[in-house]
Amino acid sequence: MSAPYEEATEGKVYTVSGNDWTELVATLSGQQDEQLVVNMGPQHPSTHGVLRLILNLDGETVTEARTVIGYLHTGIEKTCEYRTWTQGTTLVTRMDYLSPIFNETAYCMAVEKLLGITEQIPERAQAIRVLTMELTRISSHMVAIGTFGMELGATTPFLFGSREREMVLDVMEYITGLRMNMAYVRPGGVSVDLPAGAVDKVGELLKVMPKRIKDMRKLLDANPVYLARTKDVAYLDLTGCMALGITGPMLRAAGLPWDLRKSQPYCGYETYDFDVPTEKTGDVYGRYLVRVAEMEESLKIVEQALDRLAGPLKGGRVMVDDKKIGWPAQLALGPDGLGNSPDHIAHIMGGSMEALIHHFKLVTEGFRVPAGQAYASVEGPRGELGAHVVSDGGTKPYRVHFRDPSFTNLQAVPATCEGGMVADVISAVASIDPVMGGVDR
Amino acid sequence: MSTDNLPGVPEEPIARLGMFGAQDSGDTSGYGGLVVRRAPRLSTPRPYGGYFDTVADELERALGGDLADAVERVVVDRGELTFHVKRERLLEVLRHLRDDPALRFELSLGVSGVHYPHLEGEELHAVYHLCSITHNRRLRVEAACPDTDRHIPSSVSIYPTHDWHERETWDFFGIVFDGHPALTRIMMPDDWDGHPQRKDYPLGGIPVDYRGAEIPPPDQRRSYK
């Protein structure tokens, strides 16, 4: 029996579903076709979610690589226009699901810019943002490195990466109540203060994590198989990065120390002591080295943020003072397992009619944001994550657009893959570290 | 809301109708004053402050001395500089912004659109965010086109990164970027009708049939407006 095929305008179309390679080879033997078009994805384990690659192959060499996206488009930007400014955090956090805190922070910074309250955000809230962002960066890079190993056929990096990420997610769950998509950062600050014991919990992570990152380094840094698959693969120089608008570890692996945390600091990053790691190789291995080094730098920042939160910033406010913007209640986990604030309930239900009206209006209708537009960006794990937010003066955004680094960086696929071997396509795409939730939004 | 956030003379106020299903009045409680004013069309006089003046001066010099001919309005708002550029001169302006050593906005952060149905003659805006790594500056460039003639020249030749961004803006807003190498839909399916991020396109859009009952699109279930 031979693999089924049908004649189409562009030639013979073979449908391969796995386990039928022998039949395909039998059918193809004796054929003169040199060009082969391979459709990789959208449901391929090594394409990071639902990315589709169309590869034009000449033997094992890729002559053309085209990317098809949009399979995960959920219209988050449109939905934002129908929900309040506060509800927006719940929506944007779901875009790039490996860096939820970054999405929330970029969005909230843009909203705060529109409100003109950037300077009024309490220092403790900023430190908590920095703490959670850097923890998220570690977990995101762990996934990037882990899944990369998996795609090259090694399961150990993946198991290591997932284990380490799990530790971070546990801490995030402890702090915010959710492992992912936590909607923790809100316009004006963060939704709740760190719970009791959070500092110790992060402290434990800080004790274990350096050793775990070292383990990852031991496993991969000088691994001959890993080097063979990553060194001099998917090279993209600085000129290419600039033209394609590429930011993040890919840009820094090409030698430019461009990091918004240093060059255009936000959330008080200028007060933290850390380095921006770079490599000059511009290849997959360089990007890996940058990511690992960034995790080590992130740990430094987490440590400093933790010291501040436990020391000078202890007991400070985590939401802006303006009662017309801040969420009315400071919630805490109640005995029923839900977020509650008995004091606040007693106040609005038994004490003050005005407080009840205020609470009702603020929660259902939301606050108004003066008309105008603002762009705020943070250095996400994949590069510059920007939020362009437009207000018409109402209680809902007029337009929310996210400049997601995965979306832009994915345009580098043809530049890094064409002319290379088909096996290196996997390395190239994985080194971009695209998250389709962010690409398609 | 304080009025100093709305400098200039605002346009006609728009009433936000229909909170909690009420369609006959702008405000169901009278408490919050649910009448909002549209964004005024700002134009900032000089001096702009900070490096904004330098950028404007250098662009004027690069353009040959007449900034107002290419840049319709300059807006400085919330610490951000925006050039509203005539679409005919867009490529020229972008090329100077990228190439001139004194400007050098070598990194573009992409294109997105905004639909302002009430701005007659310039309903569709393409917004470009540029960043200069050399000088550590940021700039926003806006080009507008009327809904009846949705054409803006493509800037892929200047910033190759705009390839996908312009496709996305075409997909969502229907702005045709003339000269784009392959202006096709990128997020929506190839055979999709309409451009979903436009204000006249409903959220959800497609009524869902469930057990014989028709569930309206999300934005029409309860009037969130």
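Q: Which helices and strands each supply at least two residues of the lining of the second largest pocket?
A: This is a predicted model, in which local features need pLDDT of at least 70, side-chain atom pairs count only at pLDDT 80 or more, and totals for chains, interfaces and linings use all residues. Residues are numbered from 1 along each chain as its sequence is written, chains are lettered from A and ligands numbered from 1 in the order written, and side-chain values use heavy atoms, leaving out hydrogens and water. Helices (H or I, at least four residues) and strands (E, at least two) are DSSP runs numbered from the N terminus. Chain A contributes α4 (100-115), α5 (123-151), α11 (260-263) and β10 (372-380), and chain B contributes β4 (80-85), β6 (124-132) and β7 (137-145). The largest share, 4 residues, comes from β7(B).

Q: How many residues line the second largest pocket, and which lie nearest its centre?
A: On a 1 Å grid over the protein atoms alone, a pocket is an open set of points where a 1.4 Å probe fits, with protein on both sides within 12 Å along at least five of seven lines; lining residues have an atom within 4 Å of a point. Here 36 residues form the lining, and A:Met109, A:Thr118, A:Gln264, A:Pro265 and A:Tyr266 lie nearest the centre.

Q: Is B:Gln197 buried or exposed?
A: Buried means under 20% relative accessible area, exposed over 50%, and partly exposed in between (1.4 Å probe, protein chains only). B:Gln197 is buried because its relative accessibility is 3%. This residue sits in the loop between β9 (176-178) and β10 (208-210) of chain B.

Q: What joins the side chains of B:Gln197 and A:Glu77?
A: A polar contact is a pair of N or O atoms within 3.5 Å; within protein, one must be able to donate a hydrogen and the other to accept it, and residues adjacent in sequence count only if both atoms are side-chain atoms. For this pair, the polar contact is 3.3 Å.

Q: Which residues touch the most other members of the largest nonpolar core?
A: A nonpolar core is a set of buried Ala, Val, Leu, Ile, Met, Phe, Trp, Tyr and Cys residues joined through side-chain atoms within 4.5 Å. The largest one has 159 residues, and A:Ile69, B:Phe83, B:Leu97 and B:Tyr128 touch the most other members. Helix α12 (residues 284-310) of chain A gives the most to this core, 12 residues.
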